[in-house]
Amino acid sequence: MTIYRTLTAVAAIAMIAATGCRPEPASEAESAPEPKYAVDHHSFGNPNEIAVTHLDLVLNVDFDKRMLMGTATFKLERNSGNTLVLDARDLDIRSVKHGKPLEGGEHAVAEFKIKEGNEHGDILEIQLNDSAELVTIDYSTSPDAAALLWHSPSQTHDKNSPFLFTQGQAILTRSWIPIQDSPALRITYNAKIRTPEGMLAVMSAENPTEKNEDGVFEFRMEQPIPPYLMALAVGDLEFAPLGDRTGVYAEPGLLEAAAREFEDTEKMLETAENLYGPYVWDRFDILVLPPSFPFGGMENPRLTFATPTIIAGDKSLTGLIAHELAHSWSGNLVTNGSWNDFWLNEGFTVYFEKRIMEALYGPEYAEMLNVLGYQDLLATIERLGPESEDTELKLDLEGRNPDDGMNDIAYEKGYLMLRSLEEWAGREAFDAFLMEYFRVHAFETMTTARFIDYLDATLFADAKERPDVEAWIYKPGLPEGHPVPVSDVFDRVDSVRNMWLEDQTAAAVLPVEKWSTHEWLHFLRGIPEGIPAEQLAELDAAFDLTKSGNSEIAFAWFLQSIHSDYRPAFDAMEAFLIEVGRRKFLEPLYAALAEDEAHLKWAKRVYKEARPNYHSVTAVTIDEVLDAGE
Ligand code: BES
Ligand code: ZN
């Protein structure tokens with residue numbers, strides 16, 4: 001906080017010196033002193049009055065009842081008032097006690113009430129006496145808790161044991177822990193998790209590497225983290241080291257393949273540190289989840305959660321590991337103040353991820369990834385509409401589901417803006433700026449306005465003419481003169497595709513032997529929508545695309561198959577839709593299916609079988625997609 005205030009003053013002077021008097025956009029103008037915890041429309045918590053600062057969590061994992069039950073004890077930072085307000089969603093709160101640490105276990109009963117909040121959760125109000133420094137909540141979760149996915153053994157890779165995992169981001173932690181569920185606050189935590197025999201529990205914390213006889217596991221997270229990074233998984237898990245500070249957890253039957261796929265992780269970690277400063281979380285391990293995991297990856301500190309669909313056999317999809325690793329700086333160390341500032345997490349992370357990939361695999365490789373990202377961005381701008389406010393980097397998600405803002409704008413437009421700053425400042429200066437940004441703001445929250453102030457005070461301080469970052473941040477679409485990634489490799493793919501499309505060359509003789517996954521993706525994405533199914537059949541006969549074991553290629557192929565009604569791919573697509581719960585794949589596939597009556601009918605039949613395998617974040621999205629298609 002102090003650091004920020006100083007910078008603001010410096011920034012104001014620098015701004016006037018550099019540009020004359022630049023008016024702040026009205027929405028960001030602030031006259032009153034900033035509160036310690038940034039405003040967050042997606043949490044009912046009142047941290048500016050009483051904040052939770054440390055959590056002791058004791059939970060039993062009951063696979064039969066599909067419930068977590070136990071206690072959450074919070075240390076409090078009291079500024080004003082006697083009412084502690086927490087977020088709680090579908091929790092059964094049995095009792096609340098409060099007291100001081102030295103009173104031992106004998107804490108007094110505290111009054112509490114649960115008030116109705118909104119569709120994202122309710123309001124838990126606890127009345128404290130003047131001296132209470134601790135509060136203990138005895139509770140259990142609902143079998144339908146939105147953050148949790150409970151799997152029976154048949155839904156796992158090895159089919160031996162049940163599996164449980166949590167997904168907290170954006171606002172689901174409140175469905176398994178009563179907490180002030182805002183990214184603007186940070187807590188340290190200890191946890192004790194009791195599991196059935198023969199299982200291993202892991203968390204976003206210091207982790208065990210082996211099962212034990214009593215099934216009780218203890219965890220410590222000594223660095224303060226925002227609540228959306230609280231994470232737990234329980235399953236038949238084993239550990240394999242990858243390097244000194246890196247390793248992987250997976251079901252035994254997947255462990256070897258996972259360890260091979262992720263063998264570059266230690267190198268990625270070293271590369272990341274060379275770019276933007278020391279890794280402060282001690283270890284970086286990866287947990288491979290069941291394919292139902294709703295995301296590609298989730299940057300839970302010390303233990304990234306990852307979909308098994310990136311295990312392609314050739315390391316071609318491990319950019320995702322670089323991405324989650326990069327969040328150890330952008331997101332986990334410097335955290336978006338509210339979900340309106342989500343681009344500060346994801347845009348920085350995509351930029352950082354691409355720099356890791358470039359350092360490890362060369363600029364030509366990284367530029368292919370950049371072009372694919374740029375294509376996604378253009379498609380998203382087109383879908384949302386070039387004038388849509390949702391294409392601005394700074395979002396206004398008040399009254400909406402934060403999920404609505406979690407699309408390629410934050411990721412890819414955010415990336416392009418940082419790339420434009422790199423081009424303006426030069427790589428060396430920009431890298432120094434970023435390294436310093438992470439150092440100065442470590443373990444703090446960052447808002448968009450604060451970031452602009454920081455830019456003005458540092459990177460832009462001596463500039464005669466500074467870049468118009470406001471155009472990127474507060475205006476829709478892309479500013480004029482924005483960077484455009486181009487790849488010579490992809491240009492060659494374009495001519496190969498044209499040769500084939502114009503029927504000068506049979507698919508079987510196309511020069512594709514040396515193609516990477518990315519060239520295939522570019523090839524498939526560039527096929528005009530709805531070409532005759534016979535043409536897809538020709539490709540399939542030559543390259544067996546329907547049977548591709550690469551999830552990204554399969555996804556791109558299925559999309560084309562839907563558009564061309566290429567039926568021979570539908571059985572494989574059905575299996576994919578039932579097994580995989582990754583929303584990034586499922587949403588576009590179901591949306592494409594919903595465009596045609598016969599396809600929609602087919603999709604609904606498949607969805608009926610698939611839905612019980614999906615996590616709530618995916619199910620909620622697909623419910624909407626299919627209802628809209630009615
Ligand atoms: N933090 C995100 C996942 C996320 C975003 C969860 C919003 C909940 C709400 C994660 O770092 C991410 O971006 N994952 C991407 C990876 C990709 C960009 C390499 C994914 O899951 O596809
Ligand atoms: Zn991310």
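The C-alpha centres of domain 1 and domain 3 lie 33 Å apart. The contact between them draws 12 residues from domain 1 and 15 residues from domain 3. The model is predicted. Its protein chain is divided into four parts: domain 1 covers 43–235, domain 2 covers 237–328, domain 3 covers 334–485 and domain 4 covers 487–628.

Ligand 1 was examined next. Both domain 2 (237–328) and domain 3 (334–485) give residues to the shell around ligand 1, so the ligand lies between these two domains. There are 16 residues around ligand 1. Those that come nearest are Gln-169, Gly-296, Glu-299, Glu-324 and Tyr-411. Sorted by class, the shell has 6 nonpolar, 6 polar and 4 charged residues.

Three secondary-structure elements each supply at least two residues of this shell: strand S18 (297–298), helix H4 (319–326) and helix H5 (342–361). Helix H4 gives the most, with 3 residues.

At Gly-296, a backbone N or O atom lies 2.6 Å from an oxygen atom of the ligand. At Gly-297, a polar backbone atom is 3.3 Å from a ligand oxygen atom. Tyr-411 takes part through its side chain, where an N or O atom is 2.7 Å from an oxygen atom of ligand 1. Taken alone, ligand 1 exposes 520 Å², and the protein buries 89% of that area.

Arg-174 was considered separately. This residue sits in the loop between strand S10 (163–166) and strand S11 (187–194). Is Arg-174 buried or exposed? Its relative accessibility is 1%. Buried means under 20%, so a residue below that cut-off qualifies. Arg-174 therefore counts as buried.

Which residues are in contact with Arg-174, leaving aside its neighbours within four places in sequence? They are His-42, Ser-43, Asp-87, Ala-88, Arg-89, Leu-91, His-120 and Asp-181. With Asp-181, the side chain of Arg-174 makes a polar contact of 2.9 Å.

Technical notes:
Residues are numbered from 1 along each chain as its sequence is written. Chains are lettered from A and ligands numbered from 1 in the order in which they are written. This is a predicted model: local features need pLDDT of at least 70, side-chain atom pairs count only at pLDDT 80 or more; totals for chains, interfaces and linings use all residues. Side-chain values use heavy atoms; hydrogens and water are left out. A residue is near a molecule or strand if one of its heavy atoms lies within 4 Å of it. A polar contact is a pair of N or O atoms within 3.5 Å; within protein, one must be able to donate a hydrogen and the other to accept it, and residues adjacent in sequence count only if both atoms are side-chain atoms. Accessible areas come from the Shrake-Rupley method with a 1.4 Å probe; for residues, only the protein chains shown count as cover. Helices (H or I, at least four residues) and strands (E, at least two) are DSSP runs, numbered from the N terminus. Ala, Val, Leu, Ile, Met, Phe, Trp, Tyr, Cys and Pro count as nonpolar, Asp, Glu, Lys and Arg as charged, and the others, Gly among them, as polar. Domain bounds come from an automatic or database domain assignment. Buried means under 20% relative accessible area, exposed over 50%, partly exposed in between (1.4 Å probe, protein chains only). Contact means heavy atoms within 4.5 Å.
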